[in-house]
Amino acid sequence: MTSGPPIDERVGLWWRRPETRGIFLIWVVLTVALVFFSFIPARIMGPTASPTKHAVELTMTVFTLAASPVAAFVWAIAIYSLIKWRHRGVGPPTEDGPPIRGNNLATGLWMLVSSVLCVFLLIWGLAEIEAVAAPERSANALIVNVTGQQWVWTFSYPQDGNVESDQLYLPLNRPVIFHVTSEDVIHAFWVVQMGIKVDANPGETTKTSVLPDKLGVFDVRCAELCGLLHADMETNAHVVSKADFATWIQANGGHV
Amino acid sequence: MSEAMVQFGGRAPAHPVGGGIMRRLNLGTAVAGGLILGYVAWLISHHFLAGADDPMVQNQVVTITLAGWAFGFMIGIGAMRGPICWLLGRDQSHEDEMFAAGKDQGVGRYFRFTTDHKVVGIQYLVLTMVLLGIGGTLAMMIRTDLVTPNSGFLGPQTYNAVVGLHGLTMIIATIIMVTGPFGNFIVPIMIGARDMAFPRLNALSFWLLVAFAPVLYSAAFLGGIPTGWTGYAPLSDQGPPGMDSYLMAIIIFAVSTAIAGANITATILTMRARGMTWNRTPIFVWGVLASVGLAIPAFPMFMGAMVYLGMDRTVGANFYVASGGGNPWLYENLFWLMGHPEVYVILIPAVAALMELTTVFARKPLFSYNVAVLGIVGIVGLSMMVWAHHIFTSGWAPELNGAFMLTTELISIPTGLLFFVIIGTIWRGKVWTTLPMMCTYAMLWNFIIGGVTGIYLSDVPLDYDLHGNMFVTAHFHYTLMGAGLTGAIGALMYWFPKMTGKMLHHTSALWSFWLVQIGFQVTFMGMFAVGLAGQPRRVEHYDNTFAVGNMVSTIGAYTIGLGMLLLLYAVISSWRHGPIAPANPWGGKTLEWAVPNPIPLENFEVLPVVIADPYGYGEGDFSIPHTSEPREDVVVGAQLSPAGAVEADSS
Amino acid sequence: MTNIETAVTIGDPDLHLEDPNVIGRRWRAGVALLILADAAFVATLLFAYFYLRGLNTSNAWLLHGQATAAIWVSWALAGGAVLSAVIFGQARRSIQAGNEAGFVAGALVALLVLVADTVGQVIQLTSFPFGVASSAYSSVVYTIAGANLYHLLLTIFIAIAMWNRGRLHIYSKSSNWQVRVAEMWWNWIAIAAVLTAFATSFIASPASGH
């Protein structure tokens with residue numbers, strides 16, 4: 001390695017090789033296409049109703065962007081090999097390929113890039129875990145007890161006179177902490193547009209939290225197969241203004 | 001008399017021809033034995049256990065009956081003969097062993113307790129195809145039900161039962177699809193051995209699986225497996241007697257896997273040809289070793305989970321019953337302690353098979369052999385430490401989620417190395433795009449998508465959103481089917497000439513390849529979309545918002561089904577009257593291509609001694625390694641082209 | 001680098017009949033792997049015991065005032081398994097020294113100890129002062145006892161074979177790999193019995209205070 005021509009000359013030689021340019025071209029085209037594609041998953045995931053879901057959709061987009069050049073690199077070499085290195089004609093190739101048994105520089109670069117990407121994913125993920133747990137630390141959070149049973153959800157509001165409902169009502173812009181449990185088998189409490197999900201286990205209480213930041217009616221579904229009518233175990237989450245929430249609580253016999 | 005004979009008791013054979021009682025035992029006596037003992041077990045348990053209306057008693061009756069079937073079947077096939085004769089000090093004579101290996105028995109040996117690894121390999125291949133056929137049919141039923149939001153084709157009860165059976169069938173089939181057929185048939189020849197380390201255990205592991213299949217499918221008549229293949233407690237505690245079929249089937253399967261795993265591992269560890277050091281061992285052998293080695297500790301944990309489930313269901317134990325001090329998290333942990341290593345049990349040998357054949361079709365040495373081994377070993381090491389990413393949302397230990405996110409993301413590094421090795425091997429190669437090689441390209445496409453979507457799911461908050469929805473279903477189909485099954489099909493197309501002695505019919509297999517791969521993309525891209533949009537898994541009907549994506553998935557699924565039928569046709573018709581294959585149609589350098597077709601009973605007349613790895617492309621002349629056997633076809637095989645194959649057929 | 005034409009050279013043509021030492025090495029590898037599988041199963045028992053004990057779900061690891069199993073019984077049974085393994089180890093040393101009679105006698109004594117241990121295990125299993133369904137504790141304790149019984153029965157089968165085959169002069173100073181393989185399994189079931197006896201010595205849940 002030390003006795004070869006200077007590095008810029010070697011890079012120049014490397015760049016003039018036909019496969020380098022061909023693969024680079026395909027790689028650029030694929031990467032650009034994938035970068036455009038990267039914004040599609042978040043669009044399919046739809047409008048968000050909480051900062052949590054927003055963070056989740058951003059993660060989806062960023063991870064897809066980060067994966068784009070890597071996927072494009074593998075596919076670029078694959079495509080180029082099919083165009084240029086392919087053996088054409090009947091029967092097996094009459095000669096072998098070059099006996100390349102490895103390349104330390106390539107191995108090192110590959111390991112470095114994948115390690116850097118891995119560290120990036122990890123740091124991003126840890127920061128995101130912190131961020132989505134923010135509503136849990138709030139002092140004035142609304143507590144909602146969620147109970148799953150085959151095949152309905154029941155919500156109760158211990159701070160508001162234990163009002164019970166099979167529809168979830170939440171006030172806008174107030175952090176909510178859900179205490180989730182089950183009466184029979186495992187269910188999973190999932191508010192789709194808010195991006196939160198936690199299992200409802202018999203004998204245990206689990207916790208999740210969210211800050212609803214959009215008025216509207218959203219979907220609550222069960223995400224763990226829980227028996228015959230699992231598909232029907234869904235209800236609505238209504239995010240309403242503070243005043244409307246108070247009215248709803250009082251109309252159901254509670255007090256704010 | 002040699003020392004080995006002294007070890008076996010040194011007795012003269014009772015029969016001049018050998019075989020003894022094994023001559024009279026076959027699949028027929030096994031089924032008869034299973035039915036008789038199963039019926040007796042049913043009569044006794046039914047008679048003596050009071051209160052037939054009590055569900056717990058029903059569970060006891062079903063469990064005892066199924067155990068009776070399994071024992072009767074294994075007695076009927078002759079599995080108990082070996083241990084009992086050993087106990088009595090009556091060891092097998094050489095003639096007995098030759099009979100057990102299937103010498104001069106024609107097709108009948110496939111229906112006996114035959115010990116020859118090549119027979120066991122073919123048996124596994126056929127069983128795998130049967131299981132994939134059943135699982136595929138169930139998949140078609142699921143997709144038919146989901147074609148419109150409220151088709152009502154199956155109804156929730158049948159739908160749940162079908163989903164569970166589809167999942168479990170496919171998991172079992174994919175676990176055995178590479179290490180069963182190719183691990184048994186190819187690996188011993190590849191390492192230059194005459195048979196497996198423990199030929200009788202080899203037969204035992206296969207016939208346990210045959211006993212297992214009716215146990216599993218009895219669930220269809222006992223209320224199904226309405227829990228999905230995961231069988232989460234306490235839903236499985238309250239399930240119908242079909243759950244007893246489920247747990248008995250898993251216990252039998254776990255025993256079979258432990259035996260097969262110990263056998264294949266011991267074979268690779270102790271029976272490699274002289275000179276086949278670890279850095280000359282073909283990469284496929286490494287892949288199989290990693291897979292079965294990983295399965296050895298993994299499946300007993302699943303078996304443990306099943307024993308506890310059985311205790312809960314039959315005697316009212318409290319392993320998973322929260323009111324009695326049990327906990328469903330125990331089940332989830334035990335299940336995924338098996339469940340995540342199992343993913344790599346499926347994947348590693350399939351990818352390793354593609355690496356092996358990529359060197360042959362790129363006509364290049366394996367790029368960075370050491371890195372390939374490092375990747376496989378790294379995956380094996382990490383795979384034991386990632387199980388909890390399946391239960392991020394369970395709430396069992398939220399404070400550990402960050403740590404399991406770390407281990408899961410770390411595993412992307414050794415997995416990436418496998419890609420690195422494959423594209424490095426293709427680099428500047430003379431790429432011969434045969435059908436097996438096309439499977440490598442398909443895997444490069446599918447596994448990238450499966451891997452990247454796996455990284456999304458390793459991110460804890462993103463997993464909170466995506467867990468339990470169709471996105472996850474699409475993700476693991478991209479890995480297990482897109483990479484795993486594609487790899488297994490590639491392996492089948494690659495080793496078909498060696499295993500059957502015939503060439504695979506090219507046109508129908510080519511059509512099958514494109515139908516399956518295109519149908520696959522359509523099916524699971526549709527499924528990714530409905531998952532992102534919020535459709536849960538395992539639902540029998542769904543909101544109208546998901547209608548388009550599901551319709552697309554169903555169309556894709558039918559395309560896959562059509563392609564698979566075509567593959568089945570190609571395999572059967574080529575096997576029966578395809579052109580005779582030369583000994584080495586692809587110009588491979590691993591040892592299995594050096595033995596003649598059909599392969600002699602003990603593979604090698606003279607055991608080979610290996611002095612280099614099998615990847616010396618471009619480093620010498622274009623010839624294959626050879627043994628001292630003066631076999632014409634070995635030498636000819638290196639130069640044969642498909643045209644040559646036709647010649648061989650007409651001669 | 002290497003001459004590919006000679007990647008494989010002629011081997012030894014006399015390898016159809018293998019040396020007992022080669023077979024023995026292979027079997028030791030195989031049985032070590034089967035022990036690994038069994039150890040994974042035993043590990044799930046220990047995991048179930050400690051995990052359920054630690055969680056104490058619904059405060060029902062032990063019911064209030066529930067009788068528990070006598071700890072010394074499990075230790076005595078584990079002691080029996082260890083004793084039989086030690087005796088069999090002695091028998092193995094006899095056969096390696098060429099003392100066939102010593103081996104047969106040792107194997108027989110080890111077998112008898114094992115049978116006595118099994119009887120003890122059955123007595124323990126049938127006389128627990130609680131039912132299997134009483135609590136999570138009782139469920140795991142019954143299962144552990146059942147697993148030990150299964151270990152013992154399997155080992156009795158092997159022990160009978162060892163004694164019988166020794167009697168038939170199948171083993172000798174030069175050919176005794178099966179004895180060594182049997183000893184590996186024997187030692188493992190003794191270790192497993194000690195491990196489970198150790199685990200079940202910790203009864204009360206650390207989470208039962210509240």
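Visitor: How many helices and strands does chain A have?

Guide: In this predicted model, chain A has 6 helices and 10 strands.

Visitor: What share of chain A counts as buried?

Guide: That label goes to 39% of its 256 residues. As for contacts in chain A between residues at least 6 apart in sequence, 69% of them join residues at least 24 apart.

Visitor: What do the side chains do along strand E4 of chain A?

Guide: They alternate along residues 168-171.

Visitor: What makes E4(A) and E10(A) a pair?

Guide: Pairing takes at least two bridges, and 4 bridges join E4(A) to strand E10 (residues 234-240) of chain A, so the two strands pair. They run parallel. In E10(A), A:His238 is the bridge partner of A:Tyr169.

Visitor: Over to chain B. Why is B:Glu540 called buried?

Guide: The cut-off is 20 or more other C-beta atoms within 10 Å. B:Glu540 has 25 such neighbours, so it counts as buried.

Visitor: Where does B:Glu540 lie, and which residues is it in contact with?

Guide: B:Glu540 lies in the loop between helix H20 (506-533) and helix H21 (547-577) of chain B. Leaving aside neighbours within four places in sequence, B:Glu540 is in contact with B:Asp145, B:Leu154, B:Pro156 and B:Tyr159, and also with A:Ala231.

Visitor: What does each chain bring to the contact between A and B?

Guide: Chain B brings 78 residues and chain A brings 73. On the side of chain B that touches chain A, helix H16 (residues 412-426) gives the most, with 8 residues. That side divides into 43 nonpolar, 25 polar and 10 charged residues.

Visitor: What is the predictor's confidence in chain B?

Guide: The average pLDDT is 90, and 92% of the residues score at least 70. Over residues 1-15 of chain B, though, the pLDDT is below 50; beyond near neighbours in sequence, that stretch has 27 contacts in the model. Residues 621-651 of chain B also have a pLDDT below 50, with 68 contacts beyond near neighbours in sequence.

Technical notes
Residues are numbered from 1 along each chain as its sequence is written. Chains are lettered from A and ligands numbered from 1 in the order in which they are written. This is a predicted model: local features need pLDDT of at least 70, side-chain atom pairs count only at pLDDT 80 or more; totals for chains, interfaces and linings use all residues. pLDDT is the predictor's confidence in each residue, from 0 to 100. Two residues are in contact if their C-beta atoms, placed from the backbone, lie within 7 Å. Ala, Val, Leu, Ile, Met, Phe, Trp, Tyr, Cys and Pro count as nonpolar, Asp, Glu, Lys and Arg as charged, and the others, Gly among them, as polar. A residue is buried if 20 or more other C-beta atoms lie within 10 Å of its own, exposed if 12 or fewer, and partly exposed in between; C-beta atoms are placed from the backbone.
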